[in-house]
Amino acid sequence: MGFMNSNAKHLLSKIATGNGHGENSPYFDGWKAFESNPFHPTKNPQGVIQMGLAENQLCFDLVQEWILKNPQASICTPEGVYDFSEIAVFQDYHGLPEFRNAVAKFMAKVRGNRVRFDPDRIVMSGGATGAHETIAFCLADPGEAFLVPTPYYPGFDRDLRWRTGVQLLPVTCESPNNFKVTRKALEAAYESAQEKNIRVKGLLITNPSNPLGTILDKQTLRELVSFINEKSIHLICDEIYAATVFSQPDFVSISEVIEEEKEIACNRDLIHIVYSLSKDMGFPGFRVGIIYSYNDAVVQCCRKMSSFGLVSSQTQHLLASMLSDDVFVDRFIAESSKRLEKRYQDFTFPLAQVGINCLKSNAGLFLWMDLRHLLKNQTPEAEMELWKVIIDEVKLNVSPGDSFHCSEPGWFRVCLAQKGQSRRRVALTRIRTFVHQNKEVKNRLKRKCWNSNLRLSFSSLRVDHDNMMSPHSPMAQSPLVRAMN
Ligand SMILES: Cc1ncc(COP(=O)(O)O)c(C=O)c1O
């Protein structure tokens with residue numbers, strides 16, 4: 001065993017021993033902090049509250065209700081067991097026809113039935129994670145690159161790059177225009193790649209955006225389509241948050257834009273959609289990912305590659321039944337966006353009351369929270385310092401903007417759609433306490449009543465409002481100075 005460890009680097013591949021997975025980033029560190037000390041309202045009230053996972057757990061009651069009413073949809077019930085042998089032996093990588101039909105119908109419904117999807121273009125993968133890797137393998141060779149507007153989902157660095165050897169090049173987007181992607185930024189990123197002799201093969205966008213929670217308007221989508229056509233590169237659209245839009249304006253899918261052939265010239269062979277049921281339905285454990293390409297060769301290649309990440313036939317069977325139930329799906333989509341909107345309000349109002357603003361958004365399972373005013377200075381190091389206080393002392397796992405390649409320090413993503421009202425209340429109380437304590441320190445600093453060499457402990461602070469120091473606030477016992485002095 002000792003022999004194996006000391007020689008592991010020589011015995012294993014570069015992929016196995018390299019750092020391409022990216023698990024050393026703060027994004028994953030936050031998850032680890034949560035896992036080693038998870039909050040529980042009674043058993044561990046001082047624990048870390050998980051707000052770093054984009055989960056949609058608000059409508060499980062509707063799903064459970066449907067499952068109970070439809071026992072034949074499962075092959076492990078007395079009503080469904082007669083389908084067991086047929087489903088258990090199914091291994092065609094095209095997928096069950098009824099599954100592909102149901103997914104195509106669901107994808108259209110989520111997009112307001114303004115477009116239709118061809119079930120024969122639906123290719124399965126192990127979640128959107130697998131879909132991204134498969135599409136990267138199909139479109140680019142090692143060393144070639146995709147442009148990605150920032151801030152973007154940290155998992156892309158793993159999913160598209162790690163095993164494929166493909167590069168991701170940031171397209172810098174900034175807060176003055178609400179992080180909108182502009183032609184200028186696209187051209188700058190493209191030119192910078194050319195200067196470095198890197199071949200750009202495509203542009204990857206996420207609409208609705210993770211982490212911003214905003215959607216791309218039709219005009220912007222048209223501009224992106226023009227850009228990729230001019231450069232003759234691919235456009236991959238990750239639309240896995242399509243059904244999480246909870247208020248106006250409505251979501252516009254790339255599929256709608258390319259339908260407008262009269263208004264926009266587009267080579268459809270360049271357009272590919274990545275979808276999954278992890279966010280819209282809240283089923284990340286089912287690992288249902290979809291690649292939908294308008295390019296026949298890409299469909300064929302992805303289908304061959306899908307052998308490495310098929311969706312189990314048992315899951316396909318269940319979902320074929322669930323997603324073709326129009327009454328259920330309509331109710332689910334409507335109720336899900338209603339509940340997401342309520343969660344959004346339940347977070348943004350209390351945060352605004354303590355002076356914390358969030359980017360105005362209308363989709364997704366998270367908020368993009370602006371804590372720039374709490375930074376010691378506007379640097380990535382100061383953001384990291386603040387994040388460490390939030391995770392170690394406030395005991396909230398929120399994700400720092402740097403892990404999303406955000407070009408401006410001080411933004412944090414807060415996930416809001418996990419179950420548990422009490423967790424939400426405790427999390428907000430902790431944030432309020434933190435902000436008030438921060439103000440208190442700043443006031444003291446202003447009054448110059450402390451020596452700059454002195455390390456001030458939060459446990460020594462008297463907070464004015466009695467109720468501010470919750471018994472669930474780990475800060476009641478913790479020093480919190482680092483981020484503020
Ligand atoms: C934009 C985006 N794409 C892909 C994924 C991966 O999704 P899946 O669980 O379907 O693999 C995520 C997960 O958070 C995501 O936010």
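Select E7 and strand E8 (residues 288–293): they pair in the antiparallel sense over 5 bridges. Two strands pair if DSSP finds at least two bridges between them. Within this pairing, tyrosine 275 stands opposite isoleucine 290 in E8. This is a predicted model, where local features need pLDDT of at least 70, side-chain atom pairs count only at pLDDT 80 or more, and totals for chains, interfaces and linings use all residues. Residues are numbered from 1 along each chain as its sequence is written. Helices (H or I, at least four residues) and strands (E, at least two) are DSSP runs, numbered from the N terminus.

Cysteine 237 has isoleucine 273 as its bridge partner in E7.

Now look at E7 alone. Is it buried or exposed? In E7 (residues 271–276), 6 of the 6 residues are buried, so the strand is largely enclosed by the rest of the structure. A residue is buried if 20 or more other C-beta atoms lie within 10 Å of its own, exposed if 12 or fewer, and partly exposed in between, with C-beta atoms placed from the backbone. Ile271, Ile273 and Tyr275 cover one side, and His272, Val274 and Ser276 the other.

Move to helix H9 (residues 183–195). Its 13 residues reach 18 Å from first C-alpha to last, close to the 18 Å expected at 1.5 Å a residue; the expected span is 1.5 Å times one less than the number of residues. Select Leu186, Ala189 and Tyr190, which are buried in H9. They cover an arc of only 95° around the axis, which puts them on the same side of H9; the arc is that of the directions from the helix axis to the C-beta atoms. On the other side, Lys184, Glu191 and Glu195 are exposed.

Colour strand E3 (145–149), strand E4 (167–171), strand E5 (200–206) and helix H10 (218–231): the buried residues of H9 pack against them. After H9 comes asparagine 197, with a positive phi near 65°.

Finish at leucine 235. Leaving aside neighbours within four places in sequence, its contacts include Leu203, Leu224, Ile254 and Ile271; two residues are in contact if their C-beta atoms, placed from the backbone, lie within 7 Å.
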